[in-house]
Amino acid sequence: MRKLLPILSAILCITLLFNCIAAFADATEDGLLTLEEAKAIALKNDVHYHHQDEYIQDAKDNYEELSQDTSINYRRGSSIAQKEAAHISGKIQLENAYSNVRKAILTKADLKRASDSDTANAFYAVIEAQNSLASALTDLEIAKQELKKAEIKYMLNIVPKNSLTQAEEACRNSEAAYNKAALELENCISKLCKSIGQELDMSRVKLDATLDIPDIKNIDLEKIKEDNLKNNLSYFSAREQYKLAEYELVLTEEKYEDCYDELRRGSSSVREEFESMLYDAQKKFEDAEYNWNEKLENLEESLRDQYDSLEDLYESYIKQKEDIDDMRLTVKENKTKHAMGIITKAALDSSIASLDKLERHLVSTIIKLNKQYMSLVQYCVEE
């Protein structure tokens with residue numbers, strides 16, 4: 001058991017202080033770092049997020065330049081079809097530049113979303129790792145108790161040598177599991193440190209382990225869908241391509257109709273150029289429309305699957321709460337039974353350990369519930 005002592009001393013403060021971390025300048029006065037505060041610190045230290053402002057400004061400048069440029073680049077000797085194609089291309093280029101401004105803004109929002117998500121995952125991982133360490137410690141203490149009993153029984157010739165050997169092996173396995181859980185907690189703290197861009201200090205600020213239960217009853221999938229179409233860069237880009245292709249087709253059809261009489265009297269080569277323009281615009285529109293409709297179907301299916309998973313997790317959460325209530329009642333009854341000498345201390349300790357495990361498992365379920373909820377509503381922006 002000597003190998004366990006250094007880790008016990010190094011990790012003891014983690015267990016007692018519930019994942020204490022660095023004392024940040026903007027941490028709360030009560031020494032508790034919340035998830036929202038961790039997100040703010042991570043975003044503050046995210047260089048890519050702040051540099052995105054430069055790309056947004058570049059996109060705005062490019063749009064301003066194009067919108068103020070009223071000249072149309074006609075080549076000398078170009079046909080009417082080529083001139084109209086250049087005119088249409090200029091309008092599409094301007095619309096695309098305007099779209100790029102919005103895309104640059106959405107990219108910044110995506111960087112914030114990614115930072116928040118990474119921080120939340122790292123934050124929750126520390127909580128889960130702390131719970132795993134606590135469970136491993138409980139198992140280890142029980143294994144030690146069983147080993148002591150086996151040693152006494154062996155000395156009194158109540159049990160054979162193999163019973164003692166089995167108890168020793170079980171204790172070694174529990175010790176190894178505890179050490180593994182301790183190292184995993186250290187790794188999780190290190191990842192959280194990297195995520196928020198600050199060094200960790202286990203003696204100053206505690207991690208707030210308060211977990212809210214998301215309100216899934218008032219979820220509006222239709223609104224979530226609309227928010228995805230507006231704020232999810234992938235869907236926004238697909239819709240913009242569809243709108244631009246439709247706009248280009250409308251412009252091309254209008255030019256074709258305006259020049260129809262002239263085309264009838266003109267050369268066949270000019271008619272072929274216009275017809276080729278019209279064909280290309282139609283093809284581009286059909287491709288964009290197909291891609292857009294496919295995106296919509298995928299989005300609706302994805303949201304439904306995510307919502308179903310969220311409901312399943314919530315039902316599991318309710319069931320686990322009921323199991324915990326039942327086990328609490330069992331522990332209460334066992335305490336009475338033990339006081340009356342009906343059951344042994346080991347039986348009581350076993351029921352208490354089972355309750356602890358159920359409660360820690362509930363914490364993991366709540367974390368999964370929050371992650372799934374965040375995934376579903378991540379593109380929802382309150383106006």
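The model is predicted, so local features need pLDDT of at least 70 and side-chain atom pairs count only at pLDDT 80 or more, while totals for chains, interfaces and linings use all residues. Residues are numbered from 1 along each chain as its sequence is written, and side-chain values use heavy atoms, with hydrogens and water left out.

**Helix 4 and its partners**

- Helix 4 (residues 80-155) and helix 5 (residues 161-196) have axes that come within 8 Å and cross at roughly 165°; helices here are DSSP runs (H or I, at least four residues), numbered from the N terminus.
- That makes the two roughly antiparallel (over 145 degrees).
- The contact of helix 4 with helix 5 splits into 26 nonpolar, six polar and 10 charged residues, with Asp, Glu, Lys and Arg as charged, Ala, Val, Leu, Ile, Met, Phe, Trp, Tyr, Cys and Pro as nonpolar, and the others, Gly among them, as polar.
- Helix 10 (residues 345-377) packs against helix 4 at about 165°, with the axes 11 Å apart.
- Helix 4 is therefore roughly antiparallel to helix 10.
- By class, the helix 4 contact with helix 10 has 10 nonpolar, seven polar and seven charged residues.

**Helix 3 and its two sides**

- Helix 3 (residues 47-68) has 22 residues and reaches 33 Å from first C-alpha to last, close to the 32 Å expected at 1.5 Å a residue (1.5 Å times one less than the number of residues).
- Its buried residues (under 20% relative accessible area, 1.4 Å probe, protein chains only) are Tyr 49, Gln 52, Ile 56 and Ala 59.
- Down the axis of helix 3, these fall within an arc of 65°, so they line one face; the arc uses directions from the helix axis to the C-beta atoms.
- Glu 65 and Gln 68 are exposed (over 50%) on the face of helix 3 turned away from its buried side.

Notes:
Axes are lines fitted to C-alpha atoms, for helices over the stretch in contact, and angles run from 0 to 180 degrees between N-to-C directions. Angles under 35 degrees count as roughly parallel, over 145 as roughly antiparallel, 65 to 115 as roughly perpendicular and the rest as oblique.
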